[in-house]
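Have a look at the model before reading on.

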Amino acid sequence: EEGSAGREAGYWRLSKLAVPARDDPGKDFAGVSPPLLQAIAKALKFPVSSMLPEEAFTVIRKSFDARKILKEPQFVYTVDVDVKRLLDLEPRTWDFIARLEPKLGTIEYMPDEKVASDLVSMLNVYKQGSDGELGINDTVNNGSICSPRKKPRVAVVGSGPSGLFASLVLGELGAEVTLIERGQPVEQRGRDIGALVVRRILHSESNFCFGEGGAGTWSDGKLVTRIGRNTDGVQAVMKTFVQFGGPPNILVDGKPHLGTDKLVPLLRNFRHHLKELGVNIIFNTRVDDLVVKGGQVKGVVVSDSRLQLGSPNQTLSFDAVVLAVGHSARDTYSMLLRHNVDMHPKSFAVGLRIEHPQELINDIQYPELAAEVHKGRGRIPVADYKIVKSFGEGDAELPEQNRSCYSFCMCPGGQVVLTSTNPSELCINGMSFSRRASKWANSAFVATVSSHDFRPFESHGSLAGVEFQREFERRAATMGGGNFVVPAQCVTDFLSNRLSVTTLPPSSYRLGVRPSKLHELFPLHITEVLQQSIIMIEEEMPGFVSSEALLHGVETRTSSPLQISRNTGTYESTSLQGLYPIGEGAGYAGGILSASVDGMYCGFALAKQLSLFHGDI
Ligand code: FAD
């Protein structure tokens, strides 16, 4: 039959295959179960599902969908079909399949060859682009092999996701990389975080924001992103996580997450691999300044971050400096300002963190299945939610009233943690372990803010947004009364603008909460949109406004308050040659995946400029 030959050679992708949750083996099973085979048979219009060979199908995505518009909660699959395996079926059956026509949205004919978007294949493409024979320790410079001595020297400042991936790519492509991190390696960082949570000792250089793995280490480890799950960059990053010990189901799961217990060993493996590549990793070392000559960065000035009174500075020379410092390196931002590096305030979001008992959220989201969640050990995933509300949208005359309010960094089965880097400022976030087994569900609940809101801080120039954050972090610290106690308020009292007088509901936050007037923390226009949104959410999720729901203050570091200008394509600062600002702190990412991808592509772009390979990126 005409046209079928092309299809025989390729593979098919079946999407939107729904299996009722009551029939599915559950969230931890990513194989082909009999009910899935039935859904596949239905999509193929194949009469007998048991005749289909299980091995012809590979699950590539599995998501749980409990939206109220559905008749019942379901797991939704995307499955690839190995057409050649179907050819093994008896001829009559194959005839039937060969006559199938693509059904819009369900069957997609894919090209013959799958492109393996993993980092190893990407690196090989680039290495082949050089001379096809590039060894890991050779570098190519305009066609001639350089001696290892002449390898370009690159400093990567910050070992968060963006810095790690930049180091990985540059190390693999033959640069001499020094990864400089102000905080501690994960082993000691874990002890420092323990000291914070148990004894209230905040190490200003080793905490929830600073240290190996960056802000994403003691986190929920959600691997969701708005930059496209199936893009080459995201796939390459996800596969690298699996290579370093991440669970393979993150490649299939519709809402993958790692959890702190999986992130810590993964980062240790990442570090060992970088060391094997020859990357020089120096912890407890803070970059305090840049060495600039003739408009070009020539190196960095570092000090030992463990010494409170400062240690003798040391100058290190480099051909390029990748700046991957995250959004909490306010001292580094000030240093960049002194060098007149081009940067400008950028919109972000501020608000509060709301916490409910996890069982309450399970009951709201899927009452009929809530009993099967079993603290993350059951068939059904612990429930989450995502909320977005917009106000005054599109009114160009009143830009300050155009605001969105949304849930952010939702941590089912998690806990509220302190992300301050300084004892006089208080801010919080959420983390979880891989099982998401805690009895609480927390989420940031934030409203967008932009340059109009930063006006009172205009005198700080490009750091106006940073000062805006600081203002509310200080207010929160004062409201909490010190010692990292967090100001808190029942959601019902927040809506009525009154102090919670009855005992507050329990909180997962370990350092204590204090009843406070959180409705007075932000300017009225921000408080009002938060209040209006909560009322609207109650309509969609009855029970959300509950005496058991507790608001915690304050969530300010949702993303970077500024952007460091850089050239598209080269990733180089528009104002300072040799400086490569990347990741969340530079304003080009928001989250573990997008920061990793930004770091990875910067690695390729910089390697090209350093003539480590030729060809296109
Ligand atoms: P960072 O991860 O912030 O790393 C920057 C690094 O640079 C730090 O290690 C810091 O110590 C170092 N550094 C800073 N200044 C200097 C200097 N001057 N010298 C030397 N070193 C320096 N994202 C998600 O996608 N999913 C989640 O579930 C999630 N949960 C989170 C939970 C918490 C508690 C927090 C705080 C964040 C969470 N995030 C989450 C956000 C995510 O962690 C960040 O988006 C991501 O880590 C940004 O990566 P980055 O490499 O740009 O910067």
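Over residues 153-190 the chain runs 45% helix and 26% strand, with the end C-alpha atoms 31 Å apart. Helices here are DSSP runs of H or I with at least four residues, strands are E runs of at least two, and both are numbered from the N terminus. UniProt lists that stretch, 153-190, as "domain: FAD-binding" in an unreviewed entry; its positions follow the numbering used here, feature names are shortened, and annotations may be inferred rather than shown by experiment.

A word on ground rules. This is a predicted model, where local features need pLDDT of at least 70, side-chain atom pairs count only at pLDDT 80 or more, and totals for chains, interfaces and linings use all residues. Residues are numbered from 1 along each chain as its sequence is written.

**Domains.** The chain splits into domain 1 (4-110), domain 2 (153-342 + 590-609) and domain 3 (345-555), with bounds from an automatic or database domain assignment. The contact between domain 1 and domain 2 takes seven residues from domain 1 and five residues from domain 2; in contact means C-beta atoms, placed from the backbone, within 7 Å.

**Ligand shell.** How many residues surround the ligand? There are 43, and the closest are G158, G160, G214, G326 and G583; a residue is near if its C-beta atom, placed from the backbone, lies within 6 Å. At least two shell residues come from each of α6 (161-172), β10 (285-293), β19 (428-432) and α15 (592-609). Domain 2 and domain 3 both give residues to this shell, so the ligand lies between them.

G553 and V554 are joined by a cis peptide bond, with omega about 10°, and V554 is found in strand β23 (residues 550-555).

F484 isn't a glycine, yet its phi is positive, about 65°. F484 sits in the loop between α12 (464-480) and β21 (486-490). Is F484 buried or exposed? F484 counts as buried because it has 21 C-beta neighbours inside 10 Å; the cut-offs are 20 or more other C-beta atoms within 10 Å for buried, 12 or fewer for exposed, and partly exposed in between, with C-beta atoms placed from the backbone.

S611, also not a glycine, has a positive phi of about 60°. S611 lies in the segment after α15 and, with 16 C-beta neighbours inside 10 Å, counts as partly exposed.

Notes
Two residues are in contact if their C-beta atoms, placed from the backbone, lie within 7 Å.
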